[in-house]
Structures are given as structure tokens and as C-alpha cells.
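I am opening a notebook page for this chain.

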Amino acid sequence: MPSNPNASSAASIGKTATLVLVVGMLFSGVCNTILNKFQDMQCVGNCDDPDPKKRSYFEQPIWQTLNMFVGEFAVWSVYLYQKYQHKLNKIAVAPPSAINQLDAAAIVDDVDQRITKVEDDLPELKGWKALLFWIPTLCDLTATTVMNVGLILTSASVYQMLRGAVVIFTGLFSYLFLNRRLRVYEWVSLVMVVVGVGIVGLSSVLFPQKKPDETVLGGDSFDYSSLMGVGLVLGAQIFTASQFVIEEKILVRYKVTPLKAVGLEGSFGLISVLAAMPILHVLLGKTHPSFDVVQGYHDFFDNARVWQTGLAISVSIAFFNWFGLSITSAVSATARSTIDACRTLFIWMVSLSLGWEHFSWIQVVGFITMVTGTFYFNGVLKWPFVTDEEEEQAENERAPLLPRDE
């Protein structure tokens with residue numbers, strides 16, 4: 001029976017589209033963390049002082065959180081474009097062209113249609129019920145702000161590696177609040193992640209990052225600010241895991257597309273951050289300049305490099321969400337875990353090449369241990385004593401709880 005050249009061509013284009021989306025997701029994800037760290041390193045006060053220790057740098061975590069929600073809010077443009085395409089398709093139904101296979105919005109639309117078919121029996125999330133997403137948004141806001149403080153105190157690669165600890169809290173919370181049964185091998189995987197995170201944190205303390213006012217790498221043999229940074233990033237993962245679990249609670253009861261969910265959280269996040277700014281200014285502004293709104297405004301807008309970097313961060317967040325949601329239809333959840341591990345590796349490589357940190361074998365061991373445990377927990381790697389049926393059942397249970405892209 002002769003092969004169909006059109007089908008072969010479509011499959012080839014489909015693979016090309018997936019590759020483009022994966023590369024786009026990796027690039028935008030790496031840019032996001034690197035740009036945040038680069039913004040932290042910008043001098044905003046006394047920059048001409050010959051004593052580098054008297055200079056002040058951009059340390060405004062709440063403004064960086066605002067950057068993130070602006071990026072998520074921008075996802076509404078893709079959602080509205082998708083709805084517009086949907087109306088056009090109803091007016092004139094045409095066979096999909098090969099070029100459209102490369103359209104990320106079209107792929108997102110396909111994901112939304114398949115989700116809708118599966119969840120037709122669920123009520124749609126609309127009206128006042130949409131406010132339910134404000135709860136995970138507050139978790140996201142807290143986690144992001146705390147992590148931004150942690151990023152100021154530690155290196156970009158350690159920050160990104162420690163974010164992988166979210167799998168620990170997500171696994172525990174799903175066991176406690178979603179009645180999910182964790183198998184023995186999944187507990188072993190979580191222990192591996194804990195050990196890996198501990199080693200990465202130790203490397204950050206023993207081999208601290210290069211500070212903007214230092215001419216050489218490192219400093220004291222024990223760096224307490226790095227220890228605090230590690231603690232803040234790890235503590236923030238509790239709020240991130242809470243966000244995932246609460247989102248899952250909402251999604252099992254209501255029908256909502258992933259793109260709309262990101263847009264809702266972007267909207268609620270913008271409102272919440274803008275409302276929180278004056279409150280934090282009054283409560284913490286005098287003792288902690290990082291939460292001084294007036295100082296933050298001048299630090300952000302009076303320095304061209306800072307606000308331009310902020311704009312780039314928002315764009316990278318928007319594209320990261322766009323690419324991430326788009327490839328959902330093309331790759332599995334386990335592949336997404338692999339992509340995220342590669343993202344961390346690239347962030348590390350970029351930080352090393354820029355001279356922001358130095359190479360540490362302890363960090364290598366911690367990263368490998370943590371990623372191996374995460375891969376086993378998410379099903380990328382399979383324990384030899386686990387059957388295919390057990391692994392398939394575990395994958396179906398864990399899929400909704402895998403971190404979404406942000």
C-alpha cells in the first residue's frame with residue numbers, strides 16, 4: 001500500500017513545531033531567571049563612589065513579582081486570539097494547512113478542545129466562581145516574592161536548583177490533602193530529592209556567589225546570607241506546592257482551560273501586588289528598603305537598564321507560559337520534567353560563563369542526586385521492580401500536580 005506523502009510531510013512539520021516550541025520554552029525559561037539575577041546586580045545608588053561597598057543595588061522583590069504577573073496577564077492576548085480563531089473556524093471551516101501546525105495558538109486551541117471533551121460533565125468556571133483562582137494566586141504571589149528575596153542572596157543556578165524541592169512538598173501535600181497514596185518507591189525518590197537539595201544548599205553556603213561589590217569570587221568560608229537565601233527559596237516551595245494542590249482542587253470541580261487559568265492568576269496577581277505595595281510600604285518600608293514603594297519606584301524607573309530588564313522579564317514570562325502550554329499537546333509530562341532539568345543546567349552554564357559564580361563539584365553531586373530523585377518520582381526513570389501497570393497508574397495520579405510553567 002503506497003505511503004501518503006501529505007501525512008509524512010505533516011508529521012515532519014509536527015516534529016519541527018515541537019522542536020521549535022521546546023527550544024522556545026528552554027530559551028525563555030533560562031532568560032527569565034538570568035534576567036531576574038541581572039536586574040538584582042544593577043547599581044541604583046552611589047554608583048560613582050570609589051568604595052564599592054557604599055553602592056546600592058536593585059533589591060526590590062515586590063517589583064520583580066509585579067513583572068511576573070504582568071507577563072502572565074499578557075497571556076490574555078493569546079487567549080483572546082484563540083477565541084477569535086474559534087469564531088472564524090465556525091464561520092468558515094477549512095482543512096488545517098501545514099503552516100498552521102507551527103502556530104502555537106492553534107496547538108493551545110487543540111489542547112483546550114481535548115480538555116473540554118474530557119471535562120464536559122464539569123460546570124464551567126465563570127462569574128464569581130472565577131474568584132476561586134485568587135486563592136492559588138496569593139500563594140503564587142507569596143512564593144514568588146520570597147524567592148525573589150532568596151535570589152538576591154544566592155546564585156542563579158542554586159536558586160533554580162532549589163526550586164526543584166517543590167516536588168517534595170507537592171508529594172507530601174497530595175498525600176495529606178488529596179488522599180493520594182504514595183508508593184514506597186515514590187517515598188524513596190522524595191528522600192533522594194531531599195538529600196540532593198541539602199547538598200546543593202551546602203554548596204551555596206560553602207562556596208557563596210560573587211557579590212556585585214566584590215572583585216573576587218567567594219568570601220568568608222561560611223556565608224550566612226547565602227544560608228538565609230537557601231532557606232527562603234526552600235520555604236517558598238511550601239507556598240508553591242500549596243498553589244498546585246489548590247489549583248488541582250479547583251480543576252477537579254470546574255472546567256477551565258489552562259490558558260484562561262494563567263490569565264486569571266495574572267489578573268488577580270496584578271491587583272493583589274498593587275494593593276499589597278502600599279501596605280508593605282507602611283509596615284516594612286522604614287526598616288526594609290526593599291519594600292519601600294517610593295524608593296522602589298525611583299530604583300525601577302530612574303535606571304534605564306533596570307526598567308528595560310523588567311520589561312524583558314515580563315516578555316520572557318509571557319513567552320515561557322505560551323510555549324509551555326503549547327507543547328502540552330506534543331510532549332508528555334515526563335518530557336516536561338526533562339526540559340525543566342535542562343533549563344536548570346543551562347542557567348548554571350550561563351552563570352558560570354558570565355563569572356557570577358564558580359564551579360563546585362559539591363553542587364554537581366547535589367544537582368545529579370536531586371534530578372535523579374525527581375526523574376524517578378515523575379516517571380522519567382523507572383525503578384526495575386516497578387511494573388508498567390503501577391507506573392502508569394502513578395503517572396495518571398501525578399500528572400495534574402506537575403508544576404505549570406511560570
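How much of the chain over residues 227–246 is helix and how much is strand? I found 100% helix and 0% strand there, with the end C-alpha atoms 30 Å apart. Helices (H or I, at least four residues) and strands (E, at least two) are DSSP runs, numbered from the N terminus.

I note that this is a predicted model: local features need pLDDT of at least 70, side-chain atom pairs count only at pLDDT 80 or more, and totals for chains, interfaces and linings use all residues. Residues are numbered from 1 along each chain as its sequence is written, and side-chain values use heavy atoms, without hydrogens and water.

I then checked the record. The unreviewed UniProt entry lists residues 227–246 under "transmembrane region", with other spans including 185–207; such annotations may be inferred rather than shown by experiment. Residues 185–207 are 96% helix and 0% strand, and their end C-alpha atoms lie 33 Å apart.

Next I looked for disulfides (cysteine sulfur pairs within 2.5 Å). The structure holds one. Cys 43 is joined to Cys 47, S to S 2.2 Å. The torsion about this S-S bond is about -115 degrees, so the disulfide is left-handed.

For accessibility I used relative area: buried is under 20%, exposed over 50%, partly exposed in between (1.4 Å probe, protein chains only). Cys 43 is buried at 18%, and Cys 47 is partly exposed at 36%.

Last, I looked at Asn 46, in the loop between strand S1 (43–45) and strand S2 (56–57). Asn 46 is exposed at 53%. Its phi is near 55 degrees, a positive value in a residue other than glycine. Most residues other than glycine have a negative phi.
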